[in-house]
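This report describes one protein chain, beginning with a single residue and ending with the chain as a whole. Please look over the sequence and the structure before reading on.

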Amino acid sequence: MVKVRSDLARLPDGSIDLDGWVRELVAAHRQLESEALRAACALVASLEQTEEALLESGLEFAELVASLELDTASVVSGLVYRAVRSGALHRALVRERFGRDVDHLLEEVSRMGATSLLEMSNARLQTSERRDQIENVRRMLVAMIDDARVAVLKLAERIVALRSAKRGSEARRQRIAREAHLVFAPLANRLGIWQLKWELEDLALRYLAPDIYISIARQLDGRREERERQVADIAAELEGRLRGQGIPALVTGRAKHIYSIWRKMQSKHIGIDQVYDVRAVRVLVDDIAQCYATLGVIHTQWRHVPSEFDDYIAAPKENGYRSIHTAVLCPDGLTLEVQIRTHEMHREAELGVCAHWSYKDGQSEDRPYAEKMNWLRQVVERRQANEQINPLAASTEFSDELRQLFRSERIFVYTPKGHVVDLNANSTPLDFAYRVHTAVGHRCRGALVDGEPVRLNTELVTGQRVEILTGAEQAPDRDWLDLHLGYVRTARARQKLHDWFRGRPADVNEAAGRARVATLLARLALPAPGPQTWSAVAARLGFGSIEEVFRALGAADCQVLDVVELIVEESGAASLRAVDDGSGMGEGPVRIELEAPDRHGLLRDIIGVLGDLGIPLLANSGRVDGETGRAVITLEVPRVGARPIACLVDSLCHIEDVLDARCVVPE
């Protein structure tokens, strides 16, 4: 049966005995600081018009977090989380009272709270990638975690939500139960937090298939607590018998939970009377010889079930998993599963390349994801081992470690309807548009990220909600394929754009290519090349004529910066060439004049472009036209060469609101 929390102690006036609650919690978990817990309880209890359920929910959440041996900041976060999420309590006040560490945990858990399965509609992307959607949500949540405590808090929060769902609507129960089954229970499994895993699975089954859940519960002999007591007694007896035979062993027991029983019944097409591991113990010993000696003691003490014996030490599983599995009949007539392994085998199964979550799931994992899951599980176990860690310093240390280890991860963003999309790191809203559908990319006119407008070459990060604004007609921009502008960074988007432009009529592409070159030359204050220069440029690019060059430019098979750079070289133009007379200034700086509506942050954006290109700003001046309200800004930069200057001018033209940017020839 699912776990039910004990009733809260009450004072004579009927209110919750918060001091007594804190005393009991700290007595059971001595790593906790009672002063901070009392302050958090008092804060939530003092909120105006606070329903008692809000406080009870916080206490329940905090108890669960404390049982996982997390620190005081985590337990305080559990206490105030529901009040903060409901808007009854402001995070600024929490930060003031309890510090940056608690505020960080609340922020991260809330951020994960915005990510769920939401709705699995029949949109084309979701229909074609339904299985990927579930895995993407899991991976997205993992990618968002930079503190192992956040993972534990989120899973614990989902259990509290599931426990309370029985008082909500059927639709809510179904939604959060599906999320628990498809997303959060597998994450708990992969993190090795079994206490949370079994409750997530059992509660999900209880809501999603109540008839099955009740049927299995009725067939089990005794309540779950009774089964756990029986297993604990057997484990103690077995450990004593092994010690008597000179075998030092650690024996731990468990009672199989209802979801696991149902899954085994389904996979093996058997009844509950044939599920031999409803009760189970695990024996850990020092070496392989003791594994087989333990097996002998067990088979001598109890009659074993011949069909339920597997020696994965003699014949390891393909992924390297090693252990002995057997099942025996106890004096009460019920079966008991026993797993026997060395401490080293146990560590390998729990944390190594053959981690228990991997072989049980039967799924392969890409290396960065698997490494991150193993890292998180080790951090969780370190915390559960009560290591004396400064929480805030540890959080910073873990975050830095993650950034070093997982810089190459994919990112996970989601659509307005909640479908999670995985993309290469550094992808843009335009990459996202083409990932959703080619037509969405071709019709893209803008993008909103978390409800705010952004430029189409903005880098996305995991956890953002991306909405593409589209027009009625498909009309992609050739600028999107200019490498220096960074609009698309994925092969998929680039290929779709190439296919589009290559499909345009040759005369249209030729005119577009000719216009692109003419526009950039004019902005660079360079004259139109003569026939001889054009011929030389075409030859150097491998084309038979300049018309072919223009058609290639129009089809985005050639970069406009390449063409302009060759024009400068072949024409002998000196105005943009890099020159060094010993002073670093050569013939003097290049002056660029930029015109745009006067707005806040314009100069900051200009300096950002210069910084991205590595071009220093020597001087700048500006004025605002009183009649038009437009700002005219003059920049002076070193004479660094034709290509960098052309790249700079073109990039400046693509800053938001900029009307024009061009080189100015001194009079």
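Is Phe 550 buried or exposed, at 2% relative accessibility? The model is predicted, and in it Phe 550 counts as buried, because its relative accessibility is 2% and buried means under 20%.

**Aromatic pairs**

Phe 550 has a ring partner, Trp 534, and the two form an edge-to-face aromatic pair. Their ring centres are 5.3 Å apart, with 75° between the planes. Trp 534 belongs to helix α24 (residues 531–541) and Phe 550 to helix α25 (residues 546–554), so the pair ties together parts that are 16 residues apart in sequence. Trp 534 also counts as buried, because its relative accessibility of 15% falls under the 20% limit.

How many aromatic pairs does a search of the whole structure find? The search finds three. Among them is the pair of Phe 61 and Tyr 81, which is edge-to-face because the planes stand at 85° and an angle over 60 degrees counts as such. The centres of these two rings are 5.8 Å apart. Phe 61 sits in helix α3 (residues 52–67) and Tyr 81 in helix α4 (residues 72–86). The two residues are 20 positions apart, and their pair links distant parts of the chain. Both Phe 61 and Tyr 81 are buried.

Two of the pairs are set out below.

| Pair | Centre to centre | Angle between planes |
|---|---|---|
| Phe 61 and Tyr 81 | 5.8 Å | 85° |
| Trp 534 and Phe 550 | 5.3 Å | 75° |

**Two arginines**

An aromatic ring can also have a charged side chain over its face, as with Trp 500 and Arg 504. Arg 504 lies 3.8 Å from the ring centre of Trp 500.

Where is Arg 322 placed? Arg 322 is in the loop between β4 (310–311) and β5 (324–329). Along the chain, Arg 322 and Tyr 312 are 10 residues apart, while 4.8 Å separates their C-alpha atoms.

**The chain as a whole**

The protein chain contains 28 helices and 15 strands. Of its 667 residues, 51% are buried. The chain exposes about 31,000 Å², and carbon and sulfur atoms supply 49% of that area. Among contacts with a separation of 6 or more, 70% come from residues 24 or more positions apart.

Methods
Residues are numbered from 1 along each chain as its sequence is written. This is a predicted model: local features need pLDDT of at least 70, side-chain atom pairs count only at pLDDT 80 or more; totals for chains, interfaces and linings use all residues. Side-chain values use heavy atoms; hydrogens and water are left out. Rings of Phe, Tyr and Trp (its six-membered ring) pair if their centres lie within 6.5 Å; planes under 30 degrees apart count as stacked, over 60 as edge-to-face and the rest as tilted. Helices (H or I, at least four residues) and strands (E, at least two) are DSSP runs, numbered from the N terminus. Buried means under 20% relative accessible area, exposed over 50%, partly exposed in between (1.4 Å probe, protein chains only). A charge sits over a ring if NZ of Lys or CZ of Arg is within 6 Å of the ring centre and within 35 degrees of the ring normal. Contact means heavy atoms within 4.5 Å. Accessible areas come from the Shrake-Rupley method with a 1.4 Å probe; for residues, only the protein chains shown count as cover.
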